[in-house]
Amino acid sequence: MPRATILLAEDDASVLLAIGDTLADAGYEVLRSASGRDALLKLSSEVDLLITDLWMPGMDGLALLTEARQREPLLEVILITGNATVTSAIQAMKAGAFDYLTKPFTPPDLLDVVERSLEHRRMRLEIARWRSGNGEGGEGQPEEQIKNLIGKSPKMQAIYDTIRRAAPFKSTVLVTGESGTGKEMVVRALHELSPRKTGPFVAINCAAVPANLMESELFGHERGAFTGANTKTLGYFEAANHGTLLIDEVGELDFNVQAKLLRVLETGHVTPVGSPKEKIVDVRVIAATNTDLKMAVEDKHFRSDLFYRLNVVHIDMPPLRDRLEDIPLLVENLLDRLCAEHHLQIPDVEDKAIEAMQRYYWPGNVRELRNTLESILILGQKPIITEAALPESIRRSIPATTADGSTPSLASLPLIDLDAAEKTTIEKALRQSDGDRTHAAQLLNISVRTLYRKMARYGLRSW
């Protein structure tokens, strides 16, 4: 199947042949015309891109562009000229050309602008489909349809706005935030509000896949590609074709796999392990992580070019302690869901209990809040949740913010050497696992690769 259909209009027979062959060799279907009038006869909704010479007898390139765009408003057009001027360039852009090429140009120059124009067309088609499904004007879906994301704080309102703006596009999105803040819910909202909502949603957790298997998991493998590869297997990219792929904990990706992921994002082609053939995939990639990728880039653990390719749109989920005003709404919503799940009567919540929860720091964020409420429901089963029903750590916590919304002064907080605490915790896990680093990583709920990095940081090079 051709990558796209390109209509080529050029009155010079040798140029028409050379450009047409270059495009055909690159996998495109090429319709060739020696004049503007003939090109209009061949124009249809199946044509993705028009490439036309600017100077042609009869109907010139600008006239062809204008007439073609009137018939097919989403058609992309590239103009070719042997004598580009500022005036002609401005005329071309005003008439709706995507770009123009000046003769002589190389095949790579041609293919580069063709690929960019076709990507621009795909984006415009997605926006048009999205708008047609949401009524004229494309204002997007109402706030309540962003499922599972709860909160009316300014920070959450900004998140909702970014989701709605980014959802219609194919651009990559990087979702960051601490564990338990709801990153995957953001990703699912982006998928559900996009033109790809009827396509597959596939997620892979990089921290849960051994580094030596990650390439085959992402891109698939042929039978016999490596020991144990007894059958041909599709990768996550092919499984997510025409849908959305969440690459969770992307910071844990092996450096070599990062390079191959970058190539797939740039070209849209995947190469299964053990196969000499590339496959074309149409996948929107969204990456999520709770690590600081900028710091990982500085530490040479993450490729800078991949970081910038993933970080086209950035959504940073705020920790719960930065939106404590959302706690009453979160408690109400979580209790409704938990009681429905466990077939329990929904209890009332004492004001003092809410106030205590708003004083707490919530290191585990919304996930910790949910688990706390579930524990209270199961163990208490009372018609009202009082402050006394809360865990002692919450009842006696120092306020996460003061009355004026600022953080407490350092003098009011117990000082903790975080590095020393982390080192001690790692040492304890290694002792409990008798030096088995895989087991220790499981105890710490981190990847083996992260454990090795932290051991190196704290000088724990052997055990």
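Modeller: Cys-339 is buried, with a relative accessible area of 2%. Buried means under 20%, exposed over 50%, and partly exposed in between, using a 1.4 Å probe and protein chains only. This is a predicted model: local features need pLDDT of at least 70 and side-chain atom pairs 80 or more, while totals for chains, interfaces and linings use all residues. Residues are numbered from 1 along each chain as its sequence is written, and side-chain values use heavy atoms, without hydrogens and water.

Cys-206 is buried too, at 4%. The model has zero disulfides, a disulfide being two cysteine sulfur atoms within 2.5 Å.

Now the second largest pocket. A pocket is an open set of points on a 1 Å grid over the protein atoms alone, with protein on both sides within 12 Å along at least five of seven lines. Its volume, the space filled by probe spheres set on the points, is about 1,500 Å³. The lining has 45 residues, each with an atom within 4 Å of a point. Glu-119, Arg-122, Lys-170, Val-281 and Asp-282 lie nearest the centre.

Helix 5 (107-133) gives the largest share of that lining, 12 residues. Helix 10 (255-267) and strand 11 (284-289) each supply at least two. Helices (H or I, at least four residues) and strands (E, at least two) are DSSP runs, numbered from the N terminus. By type, the lining holds 17 nonpolar, nine polar and 19 charged residues. Asp, Glu, Lys and Arg count as charged; Ala, Val, Leu, Ile, Met, Phe, Trp, Tyr, Cys and Pro as nonpolar; the others, Gly among them, as polar.

Technical notes
1 Å grid on protein atoms, 1.4 Å probe; cavity = no way out; pocket = protein on both sides within 12 Å on 5 of 7 lines; lining within 4 Å.
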